[in-house]
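Good morning, and thank you for making time on the agenda. I shall go through one protein chain, from its overall make-up to single residues.

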Amino acid sequence: MPSNNCTPQHGLHNKIGLLYTLLSISTITGASLSASVNPAWIWLHYLTKPTATALLVFWILLIRAPFSIRYRNAIVFGLAFAVGGDFFLMLPQDYFLAGLFCFLLTHCAYIYALCCDSIYTSVIKNKYFSAKFITLRTIFIVIAVFIIFIVISLLIVIGLWNHLPNSMKMPVAIYAAILTFMAGLAVNRAIIYPFKSPMLPAQHAANIAAFGGIFFAISDSMLADSHFYFETPLSPLLVLGTYYIAQWCFACSVRRRDQ
C-alpha cells in the first residue's frame, strides 16, 4: 500500500506507513486463519484491525502542509468514525448496524472533504472555456459517472434484498445511497479537478482519492455480500484488502505528490 509516491520525507512518517501495512496484513491473516484453521487466531484480528485504521489518523496528523486544513480534518474525522466501525464489526456479537452507522458517518465526513475542496462546472465554463461543447461534455461525463455508480449500487442492493432481514433493509439502502454518492463524487472530483488546480501534484492527490472511493465501494459491496448472502474463504482477504487500500488512498490524498 505505501509507495514511493506517498512516502513522507521524514523517517517517523515512513515507519508509520510501513507499520500500517504490517497491521493490515496481520488483520487479514488473523481473520483468514480463524475462519479456516483455528478460531483461536481471532485474537490477531481483534488486536490489529482497529489499530491499523487508528494509526492512519496519526499518519495524517504528521503531514506538515496538507492541501487544505478542512480537507485534512474531515478525512481525520472520517477515519476516527471508521475505527469505531472496525471495532463493532469485529466483535463476535451482531453489532453490524452499529458498525454500519459508524461507516455511514465516515462516508459523510469524506463527502464533506471532497465537497469543500471541489469545483463546479459553472466555474469551468466561466474561467477556462468559451466553447460550450467542452463544458457540456464535462457535465455529461460527471452525470454518466454518477449513473454508473447508481446502477451498480442498485444491482447489488436488489441482489441482496431478499437476503436482508426486514430491520436491515432500510439502513442498508440508505448506506448504499451515501456510499454511492461518495464514490461517484470522488471520481468526478478527479475528472474536473485539473480545471481548479492543473498542477500535477494536486491532480495526483485527487486521483488517489478517486481510487479510495472506488475501493471503498468494492469493499463494502463484498462485505454486505459475505455478511447477508454467503461467505467464501477468500472473503477476509477481499473485503479487508480493498478496505485498507481505500483508507490508505484517502490518507494519501491529504498531501501532494511532491511532499
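**Overall make-up**

Of the 259 residues in the protein chain, 48% are buried, where buried means under 20% relative accessible area, exposed means over 50%, and partly exposed is in between, with a 1.4 Å probe and protein chains only. Please note that this is a predicted model, in which local features need pLDDT of at least 70 and side-chain atom pairs count only at pLDDT 80 or more, while totals for chains, interfaces and linings use all residues. Residues are numbered from 1 along each chain as its sequence is written, and side-chain values use heavy atoms, with hydrogens and water left out.

The protein chain has nine helices and zero strands. Both kinds of element are DSSP runs numbered from the N terminus, helices being H or I with at least four residues and strands being E with at least two. Read from the N terminus, the order is α-α-α-α-α-α-α-α-α.

Contact here means heavy atoms within 4.5 Å. Among the contacts in the protein chain with a separation of 6 or more, 76% are between residues 24 or more positions apart. The accessible surface comes to about 12,800 Å², and carbon and sulfur atoms hold 71% of that. Such areas come from the Shrake-Rupley method with a 1.4 Å probe, and for residues only the protein chains shown count as cover.

**The nonpolar cores**

Which residues have the most contacts inside the largest nonpolar core? They are Trp59, Ile60, Tyr71, Ile75, Met182, Phe216 and Phe228, in a core of 51 residues. At least two residues each are supplied by helix H1 (11-36), helix H2 (42-61), helix H3 (69-90), helix H4 (96-116), helix H7 (166-192), helix H8 (200-228) and helix H9 (235-252). The term nonpolar core denotes a set of buried Ala, Val, Leu, Ile, Met, Phe, Trp, Tyr and Cys residues joined through side-chain atoms within 4.5 Å.

Take Ile75 as an example: leaving out residues up to four places away in sequence, Ile75 touches Ile60, Tyr110, Ala113, Phe250 and Val254. There is also a second, separate core of ten residues, including Ala190, Tyr193, Ala206 and Ala217.

Arg72 is placed in helix H3. Is Arg72 buried or exposed? Arg72 counts as buried because its relative accessibility is 16%. Neighbours within four places in sequence aside, Arg72 is in contact with Ile60, Ile63, Pro66 and Val254.

**Aromatic pairs**

I turn now to the aromatic rings. The structure holds 14 aromatic pairs. Rings of Phe, Tyr and Trp (its six-membered ring) pair if their centres lie within 6.5 Å; planes under 30 degrees apart count as stacked, over 60 as edge-to-face, and the rest as tilted.

Another edge-to-face pair joins Phe103 and Phe216, at 6.3 Å centre to centre and 70 degrees between the planes. This pair links distant parts of the chain, with Phe103 in helix H4 and Phe216 in helix H8, 113 residues apart. Both Phe103 and Phe216 are buried. They also belong to one aromatic cluster with Tyr20, Trp59, Tyr110, Tyr243, Tyr244, Trp248 and Phe250.

Asn14 is in helix H1 and is partly exposed, at a relative accessible area of 39%. The C-alpha atoms of Asn14 and Trp59 are separated by 9.0 Å, although the two residues are 45 apart along the chain. Leu19 also lies in helix H1; the C-alpha atoms of Leu19 and Leu55, 36 residues apart, are separated by 8.4 Å.

Pro50 is found in helix H2. Why does Pro50 count as buried? The reason is its relative accessibility of 13%. Pro50 touches His45, Val83, Asp86 and Met90, not counting residues up to four places away in sequence. From Pro50 to Leu23, 27 residues apart along the chain, the C-alpha separation is 9.4 Å.

Lastly, Ile139 lies in helix H6 (residues 132-161) and is partly exposed, with a relative accessible area of 30%.

Thank you; I welcome your questions.
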